Amino acid sequence: MNAETEDTSAWQRSIEKWNAMAKNTFWDYLGCQIAEIREGKVVVTLDIQPHHLNLIGIVHGGVHATLIDSAMGLVAMLARPRDSVVTTNLSMNYVAKAERGRIEVTAEIVHSSRKSISTQAYARMQNGELCAFGTGTFRVIDGGEPQTKAAENGRGKGET
């Protein structure tokens with residue numbers, strides 16, 4: 001097995017682990033999935049369902065905000081695997097409606113310091129049309145060991 005194959009396997013195990021940890025959470029309720037993880041980048045997806053729509057029949061802004069905040073949080077967690085990170089600022093821009101299909105959100109790190117991580121994310125439809133984008137700042141809490149805390153709360157049981 002070469003180094004690239006080993007890296008791909010490690011990222012795939014991370015996706016499986018995080019998707020398992022998300023069971024019975026808000027993330028799971030919405031139907032979000034981690035599609036891709038690699039250093040400095042996370043891609044999450046959501047298949048639009050009727051309960052994601054607002055009263056005028058388009059995806060609710062809170063769904064976009066959740067997807068974007070969560071994707072940015074995941075990429076921040078990747079950058080600091082031994083620490084916990086929490087959102088301190090979220091800025092959203094909504095540019096086009098989404099009604100049906102799949103939303104794909106790509107998040108990446110813009111800047112990182114000892115105590116904060118700045119990120120950006122773009123939500124696009126399958127055809128590449130931009131729906132929303134945002135930026136986020138995450139505070140780094142040293143030594144949080146998020147996987148341990150998640151397991152204590154009943155998520156990620158059996159995970160290491």
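Trainee: Is Glu 108 buried, partly exposed or exposed in this predicted model, and what is its relative accessible area?

Mentor: The model is predicted. Buried requires a relative accessible area under 20% and exposed one over 50%. Glu 108 falls in between, so the residue is partly exposed, with a relative accessible area of 35%.

Trainee: Which strand holds Glu 108?

Mentor: The chain has 4 helices and 6 strands. Among them is the strand that spans residues 102-112, and Glu 108 lies in this strand, E4.

Trainee: What separates the C-alpha atoms of Glu 108 and Gly 40?

Mentor: Leaving out residues up to four places away in sequence, Glu 108 touches Gly 40, Val 75, Thr 119 and Gln 120. Gly 40 is 68 residues from Glu 108 along the chain. Their C-alpha atoms are separated by 5.6 Å.

Trainee: Which residue's side chain is joined to that of Glu 108 by a polar contact?

Mentor: Gln 120 is one of the residues that Glu 108 touches. A polar contact needs a pair of N or O atoms within 3.5 Å. Here the side chains are joined at 2.6 Å, and the partner of Glu 108 is Gln 120.

Trainee: What is the phi of Asn 24?

Mentor: Asn 24 sits in the loop between helix H1 (3-21) and helix H2 (26-30). Its relative accessible area of 76% is over the 50% cut-off, so Asn 24 is exposed. Most residues other than glycine have a negative phi. Asn 24 has a positive value instead, near 65 degrees.

Trainee: For the chain, what percentage of the contacts with a separation of 6 or more is between residues 24 or more positions apart?

Mentor: Read along the sequence, the pattern is α-α-β-β-α-β-β-β-β-α. Of the 160 residues in the chain, 36% are buried. Among contacts with a separation of 6 or more, the share from residues 24 or more positions apart is 64%.

Key: Residues are numbered from 1 along each chain as its sequence is written. This is a predicted model: local features need pLDDT of at least 70, side-chain atom pairs count only at pLDDT 80 or more; totals for chains, interfaces and linings use all residues. Side-chain values use heavy atoms; hydrogens and water are left out. Helices (H or I, at least four residues) and strands (E, at least two) are DSSP runs, numbered from the N terminus. Buried means under 20% relative accessible area, exposed over 50%, partly exposed in between (1.4 Å probe, protein chains only). Contact means heavy atoms within 4.5 Å. A polar contact is a pair of N or O atoms within 3.5 Å; within protein, one must be able to donate a hydrogen and the other to accept it, and residues adjacent in sequence count only if both atoms are side-chain atoms.
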